[in-house]
Amino acid sequence: MDVRFINPFLNGTVSVLKTMAFVEPKAGKPFLKKDSLARGDVSGIIGLTGAARGSLALSFSEGAILKIVSNMLGEEIKSVNGDIKDAVGEITNMVSGAARKELETLGLNITAAIPTVVAGKDHSISHVLGGPSIIIPFETPHGPFVVDICIGTLAGEGQ
Amino acid sequence: MSVNKNLKILIVDDFATMRKVIRNLLKQGGFENIVEAEDGVAALKVLQSQKVDFIISDWNMPNMSGLELLKAVRGADDLKELPFLMVTAEALKDNVVAAVKAGVSNYIVKPFTAEVLNEKIEKIVKGMAA
């Protein structure tokens, strides 16, 4: 996968969570993931097409997403309910938008589909290109989450 | 000149949590008279049944997108002057150009703060009154 894709998704994630949920996540070192197992309890997945094709997933631990959505809505949410799933879809949408805006400055015009959300322990993530994917791990005071990206330009899909 | 805080604002977004977030941000700006719709089709039904003073709409929605809603509003004689703020993750230049061509009043790219949202509303309303 082209390393130019990493920073826009990293920056977009930090920007969205800082602005909308007042949470400042700390990014760890990206690594390669070869299986389809989600690294979190709730995942938002969105397909990307255009100058590059693939998919983006955000997988949150329960602790992290409960705090993030509670902050967004201004009310405490204690379990993974419909509001949480709905918010994960919107967060995924916003991260995708922020990243695509940055990628546009690199000459890559990418459009996004409508996100889907999956919840539950040990669920799997099916990337459009099959994988492997790049994981950007993040830490928050309430738990970890990851950005899971599998995207490639048309000349080198999945590379 | 201060903006009338009794404006009836219609929030259109397919994500219920985002409607709630926008509602909370509007309340911080003193706006309490708020109605909601989950997509463009539902928004048109609201507009047919009650008087609305201001629309805040998402772009990406099933059934009818924010851009399609904007075009429908601008094409209706009794609604064409209605202030229309697009609040969206779609920041690509082509999208902004399409919205401007369709007559959007202003545009906010997610993520955004309460200050940005309320400043945009004031700017649009004051611009229309000028």
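Two residues are in contact if their C-beta atoms, placed from the backbone, lie within 7 Å. The legends below describe a predicted model.

**Figure 1. Chain A, overall fold.** Chain A of this predicted model holds 3 helices and 8 strands. Read from the N terminus, its elements follow the order α-β-β-β-β-α-α-β-β-β-β. The radius of gyration is 14 Å, close to the 15 Å that the globule rule gives for 159 residues, so chain A is as compact as a globular protein of that length. The C-alpha trace of chain A extends over about 45 × 30 × 30 Å along its principal axes. Of the 159 residues in chain A, 45% are buried. Where chain A has contacts between residues at least 6 apart in sequence, 72% of these contacts join residues at least 24 apart.

**Figure 2. Packing of helices H1(A) and H2(A).** Two packed helices are described by the angle between their axes and the distance between the axes. For H1(A) and H2(A) the angle is about 50 degrees, and the axes lie 8 Å apart. From H1(A), the residues Leu17(A), Met20(A) and Ala21(A) meet Ile68(A), Asn71(A) and Met72(A) of H2(A). By class, this contact of H1(A) with H2(A) comprises 5 nonpolar residues, 1 polar residue and no charged residues.

**Figure 3. The side of chain A that touches chain B.** Contacts between the chains involve 22 residues of chain A and 18 residues of chain B. On the chain A side, the elements that give two or more residues are helix H1 (6-21), helix H2 (62-73) and helix H3 (82-104). H3(A) gives the most, with 12 residues. Sorted by class, this side of chain A has 8 nonpolar, 8 polar and 6 charged residues.

**Figure 4. The open sheet of chain B.** Chain B contains an open sheet of 5 strands in the order S2-S1-S3-S4-S5, with parallel pairing. Strand S2 (34-37) and strand S5 (106-109) of chain B are at the edges, and each has a single partner strand, so one side of each is left without a neighbour in the sheet. On average, neighbouring strands of this sheet are turned by 20 degrees against each other, direction ignored.

**Figure 5. Strand S3(B) and its two faces.** In a regular strand the side chains alternate between the two faces of the sheet. Strand S3 of chain B, residues 54-57, is covered on both faces. Phe54(B) and Ile56(B) on one side are buried, as are Ile55(B) and Ser57(B) on the other.

**Figure 6. Bridge partners along the sheet of chain B.** Strand S1 (residues 9-12) of chain B runs parallel to S3(B), joined to S3(B) by 4 bridges. In this pairing, Val12(B) has Ser57(B) in S3(B) as its bridge partner; Ser57(B) is one of the buried residues of S3(B). S3(B) also pairs with S4(B) in the parallel sense, over 3 bridges. Here Ile55(B), likewise buried, has Phe84(B) in S4(B) as its bridge partner. Strand S4 (residues 84-88) of chain B pairs in turn with S5(B), in the parallel sense over 4 bridges. Within that pair, Met86(B) stands opposite Tyr107(B) of S5(B).

Key. Residues numbered from 1 in each chain as written. Chains lettered and ligands numbered in written order. Predicted model: local features only at pLDDT ≥ 70, side-chain atom pairs only at ≥ 80, totals over all residues. Pairing = 2+ DSSP bridges. Axes fitted to C-alpha atoms, helices over the stretch in contact; angles between N-to-C directions. Rg over C-alpha atoms; globule rule 2.2 N^0.38 Å. Buried ≥ 20, exposed ≤ 12 C-beta atoms within 10 Å, placed from the backbone. Nonpolar A, V, L, I, M, F, W, Y, C, P; charged D, E, K, R; others polar.
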